[in-house]
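We will go from one selection to the next, with a short note at each stop.

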Amino acid sequence: MNQKLLTLSPVDLVVIGLYFVMVLGIGIYLKRYTKTGEDFFLAGRDMTSWIAGLSFVAANLGSLELMGWAASAYQYGILATHWYWIGAIPAMLFLGIVMMPFYYISRTHSVPGYLKLRFGESARALSAITFGFMTILMSGINMYSMALVMKIVLGWDIHFSIWVSSITVAAYVFLGGLLSAIFNEVLQFFLIWLGAIVVSILGLVEAGGWSGMVRRIHANFPGQDYTHLWAGLGSFTANPMGIHWTGIVLGLGFVISFGYWTTDFLVVQRVLSAKDLRSAKMAPIIGSAFKMAVPFIVILPGLLGLAVLPEHLVGESQAAAMHGAHTYNEVLPMMLARYCGPGLLGLGITALIAGFMSGMAGNVSAFATVWTYDIYRALIRPRASDSHYVAMGRWCTLLGVLVSIATAYVVMQFLSIMDYVQALFSFFIAPLFGTVILGMLWKRATPAAGFWGLLAGTVSSISMFLWVHFDPSALRYIALSPNAQNMAENMYRALWSWIICVVVTVVVSMFTRPKPVAELKGLVYGATDIPSEGSIPLVHRPIFWAGVVFVVFVVLNIIFW
Amino acid sequence: MHGPGFISIWFFIGTLLTIYGVLITATGFYELGTPPANPPVLFSLHAGIWWGFVLLAIGLFYFLKFFPKKP
């Protein structure tokens, strides 16, 4: 389809232009506050729980997240909400209450840095290299996807979109490091919400509220269930995703979700910037409350699209065969065009651009930290000055962006790479969660076991992927059903690789020598003095707010069962 | 954070939202007098005006509350 979906007015262009001026201005202003490594890589460890918490969520809220999950909601209905609720909330609360004390008290700069303290250099090197590879690849893929979206929606040239948005992100992270990334993420968080929620409000008005929307969906798509979270998950064939509840609960809700939210340094780095342990514990809890609300700006527009759009959207392959048909991925821009006039449309597009930039800044700042501390300092130049590492971090930011741009151009030539994005998480994040969680909770886990468990989990995950790739009939073993879709396969593969990582770690630990308990202080449960919160009033305690969020999470799942 | 004279992020947010609020409200009022040839769905609700006011209210709150003080 060559025709663009939206046409921007001069007011819309001013709204978008002002956004770029503001993010660059923030970067220029913050440069004077980022002099030391602690400033550049951890924002001076001076963030309040609110700023760290909002940035924690915003770094995950890429524009592809907004458009992609709105599209998934149109395709699969409310099932897509699982990625925001069971696929996020328990893990975020677990990070805040159980894991954050060890990350924070150990004073590590990064997740690979924690592995160095707990298991030694080899585990750190393996996780740092795989994280760097994954981050740059993801960044490039997201960059290309964003440029493609801007071409389809606004008719913008792909090269223009890639270079302008990337150079802006590179500039403000180069200038102000993580501090600048975090500040802009908080700004972007506001813009994403204020730009996107208008569609949900006006959509509900047009549809006649929630019940009116459900009625219209049933009328438009008779015989299909788009509005129940759990009711259709009793069998692989009773829901449009081809997934069973065990896959959602164990694969998504446990391994993938806990792996991503507790060990992916892109998000954990935001929390490490908190000013004290209580703020570090509160940040993921605050983030989880907002994460729980994100379906109202992401999933709801997709459901409203099912209810109010006069045409039925189709998949990419069908759209290619049907001239003029719109795809699932266009549902959010179509809803924006449906309700937003000049000014509001600019705000909505700014929300998409802000989402992309917050996600990319997250990738770039995390990559710069892991490269500088866990690869460059650990393996290449161990005894340089702090200012040398800050300079390396700044140049690495630019290098990371340039490599991401190069990756985007590679993706442009080999589009099939896009199909494998989700698989990356099961390769690297799921086993990493096994290693980190055993390292934090089990004193007996040995340095050798940490490395071999992580390696075995990663290699087995890639092997399972290749097995199914070359022999599709293997799907019935990996995903427990020949009918499983890609998402289901990724979830089960993640689960198996986590189990393999844990089993190998436990077995190797039995045959190798553990670290003395004295060396595990501040790193492992049972060997760490965690400050008591007994003197703090109940309403200021993280555990209280974690309980509140969990109760709301349970109630929402019951309401939309 | 970061000592005296440090401008809070909330001030930057307030500034941008205030400008957006003014721009979007003004555009909404302009469209009230000069309706577009192809209006969006629910144009009669004039979303630009009320949403512009919401942005302006949030923006002004943060702009004034976190306006930088002299160190």
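Here is the tour, from a whole chain down to single residues.

Before you click, note that this is a predicted model: local features need pLDDT of at least 70, side-chain atom pairs count only at pLDDT 80 or more, and totals for chains, interfaces and linings use all residues. Residues are numbered from 1 along each chain as its sequence is written, while chains are lettered from A and ligands numbered from 1 in the order in which they are written.

**Stop 1: chain A as a whole**

Select chain A and colour by secondary structure: you will find 22 helices and zero strands. Helices (H or I, at least four residues) and strands (E, at least two) are DSSP runs, numbered from the N terminus. The C-alpha atoms of chain A fill a box of roughly 65 × 55 × 55 Å along the principal axes.

How much of chain A is buried? The share is 58% of the 561 residues, where buried takes 20 or more other C-beta atoms within 10 Å of a residue's own, exposed 12 or fewer, and partly exposed lies in between, with C-beta atoms placed from the backbone.

**Stop 2: α16 and α17 of chain A**

Now select residues 344–380 (helix α16) and 386–413 (helix α17) of chain A; these pack at an angle of about 125°, with their axes 9 Å apart. Axes are lines fitted to C-alpha atoms, for helices over the stretch in contact, and angles run from 0 to 180 degrees between N-to-C directions. That angle makes α16(A) oblique to α17(A): under 35 degrees is roughly parallel, over 145 roughly antiparallel, 65 to 115 roughly perpendicular, and the rest oblique.

Show side chains for the contact, which includes Phe367(A) and Trp371(A) of α16(A) and Tyr389(A) and Met392(A) of α17(A). Contact here has C-beta atoms, placed from the backbone, within 7 Å. By class, this contact has nine nonpolar, four polar and one charged residues. Ala, Val, Leu, Ile, Met, Phe, Trp, Tyr, Cys and Pro count as nonpolar, Asp, Glu, Lys and Arg as charged, and the others, Gly among them, as polar.

**Stop 3: where chain A meets chain B**

Bring chain B into view: 28 residues of chain A are in contact with 22 residues of chain B. On the chain A side, α1 (10–30), α8 (158–207), α15 (331–339) and α16 each supply at least two residues. Which helix gives the largest share? Select α8(A), with nine residues. The chain A side divides into 22 nonpolar, three polar and three charged residues.

**Stop 4: two loop arginines**

Select Arg45(A), in the loop between α2 (37–42) and α3 (49–58) of chain A. Its phi is near 45°, a positive value in a residue other than glycine. Arg45(A) counts as partly exposed, with 18 C-beta neighbours inside 10 Å.

Then go to Arg107(A), in the loop between α5 (89–105) and α6 (111–119) of chain A. Phi of Arg107(A) is near 60°, again positive, and this residue is partly exposed, with 13 other C-beta atoms within 10 Å.

**Stop 5: Leu56 in chain B**

Finish on Leu56(B), in helix α2 (residues 47–65) of chain B. Leu56(B) is buried, with 20 other C-beta atoms within 10 Å. Beyond its neighbours within four places in sequence, Leu56(B) is in contact with Thr18(B), Gly21(B), Val22(B) and Thr25(B).

Note on methods: Contact = placed C-beta atoms within 7 Å.
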